[in-house]
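Visitor: Please take a close look at the aromatic rings in this structure. Which rings pair up, and where do charges sit over them?

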Amino acid sequence: MKLSQFNYEFSSELIAQEPETPIYSRDECRLLVLHKNTGEIEHKRFKDILDYFGKDDVFVMNDTKVIPARLYGQKEKTGADIEVFLLRELNREQRLWDVIVEPARKIRIGNKLYFGPDGSLVAEVIDNTTSRGRTLRFLFDGSYEEFRKTLFSFGSTPVPKWVKEEVTEQDAVDYQTIYAAKEGAVSVPAAGLHFTKNLMLKMRLKDIRLAFITVHMSICHFKGVDVEDLSKHKMDSEHVIINEEAAGIINTAKRNGKRVVAVGATTMRGLETYVTTYDEVIPFDGWTDKFIFPPYKYAVPNAIITNFHLPYSTMLMSVCAYGGYEKVMAAYKEAVEQGYKFGPYGDAMLIL
C-alpha cells in the first residue's frame, strides 16, 4: 500500500486538547465499535466495553510511564533559549542521553547547555547523530538517583505540540495511564488513558485477566512518513519487555480460545515482534523496529483498542492492518461525521 491511501477528510478542530472528563470518569468517553468481519459500527461509551468480553479473556496493557521529557534551557555564552526533548537514556553511568534540540542549527559539538532556574544542571553536546538529534552528557557529581530526580524536576510533560502548545500541571496527571509503572516513555500509550479504577475493578469481578507488558513509547509514531512506498519506511526502535508471567497469561488464553485484547498500537507492535509458529508470545527484553501496515496478518491479538489517529500516521496504518483498510477508513469517515475526538486525549475505538 501507498502513503497517499492513508489520508481522510480531517480538521485540527477534531483534536482534543484535554480530556473531556476527569481521571475518575475517563471511561465515559465515546467508543466506536467496529466489527471487522461485517463492517458493522456501533456507538457506545468506553465503559460499555465490558459487554463484549467475559471470563478469562485477557486485556494486554502497556505499563510504561511517561517521563517529563521536555526541558528548556540556555546555551553557554550567548544565553540563547533552547529546547531539549529527551528521547532515551544511552548510558546510565556516563549520564548520556539521546535528545532532540531546537533550534538545532545553533548547537554544535562541545557546546554547554544550562538547565534550571539557576542553570545548575549542565550538559555538554558530544555528538551530532542526525540533522536534529544530539547526544548530551549531563555533568552531575551526585548519585544516579539524585541525577534523575534533578533532571526530571526541570522537565515538563511531553504532550505533543500538535495537541496543545501550552502544557499545564494537570497534564502531568492526564498524560499518564493509571497503571503506569516503569519509567521510560516520552509519549503516552493513549488507548490506556480510558481505563479507570472502577472499570478495572469491574473487569476483575468478571474474571477478565490483565497482562502487563512494557513498551517504552517513543515519538516514532508521530514522525512523518516521507516515502510513498511504505515498504521503504524505517521505524525508530522502541524497548519492549514481555516477561514470563505476561507471556503465560496471553498464551493460555489463546490455547483456550479466549480473546486477547491489545490495548493500543504500541502494545500491538510489542506483541507481534517475536512470536512462535503457533502464534504464541515469546518472553522478550530487547528492541523492536517493526513497522506494521497492510497487508499484514496479526498473530496474537483478536481484538484491539485504539484512539483515533491522524492522517498518514503509522498508527493508523497498523490499525488498518488489523481491521481491514476499507472498513477502518469507513469507520474513520463516520467518526469524523459524528464528531468523535482525535489524538491522545480523544475518544476510543474497539475492533473485534
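**Aromatic pairs and charged neighbours**

Guide: Start with two phenylalanines. Phe 59 and Phe 195 are both buried. This is a predicted model. The ring centres of Phe 59 and Phe 195 are 6.1 Å apart, with the planes at 85°, so the pair is edge-to-face. The cut-off for that class is over 60 degrees. In the chain, the two partners are distant, 136 residues apart. Phe 59 belongs to strand 3, residues 58-62. Phe 195 sits in the loop between strand 12 (182-185) and helix 3 (197-205).

Now widen the view. The whole structure holds 22 aromatic pairs. Another of them joins Tyr 8 and Phe 342, with ring centres 6.1 Å apart. Their planes meet at 35°, so this pair is tilted. It also links distant parts of the chain, 334 residues apart. Tyr 8 lies in the segment before strand 1 (30-34). Phe 342 lies in the loop between helix 7 (325-337) and strand 18 (348-351). Tyr 8 and Phe 342 are both buried.

These two residues also belong to a cluster. Ring pairs connect Tyr 8 and Phe 342 with Phe 10, Phe 308, Tyr 332 and Tyr 340.

Finally, the charges. Lys 36 lies over the face of Tyr 322, at 3.9 Å from the ring centre. Arg 92 is placed over the face of Tyr 144, at 3.8 Å from the ring centre.

How values were computed: Residues are numbered from 1 along each chain as its sequence is written. This is a predicted model: local features need pLDDT of at least 70, side-chain atom pairs count only at pLDDT 80 or more; totals for chains, interfaces and linings use all residues. Side-chain values use heavy atoms; hydrogens and water are left out. Rings of Phe, Tyr and Trp (its six-membered ring) pair if their centres lie within 6.5 Å; planes under 30 degrees apart count as stacked, over 60 as edge-to-face and the rest as tilted. Helices (H or I, at least four residues) and strands (E, at least two) are DSSP runs, numbered from the N terminus. Buried means under 20% relative accessible area, exposed over 50%, partly exposed in between (1.4 Å probe, protein chains only). A charge sits over a ring if NZ of Lys or CZ of Arg is within 6 Å of the ring centre and within 35 degrees of the ring normal.
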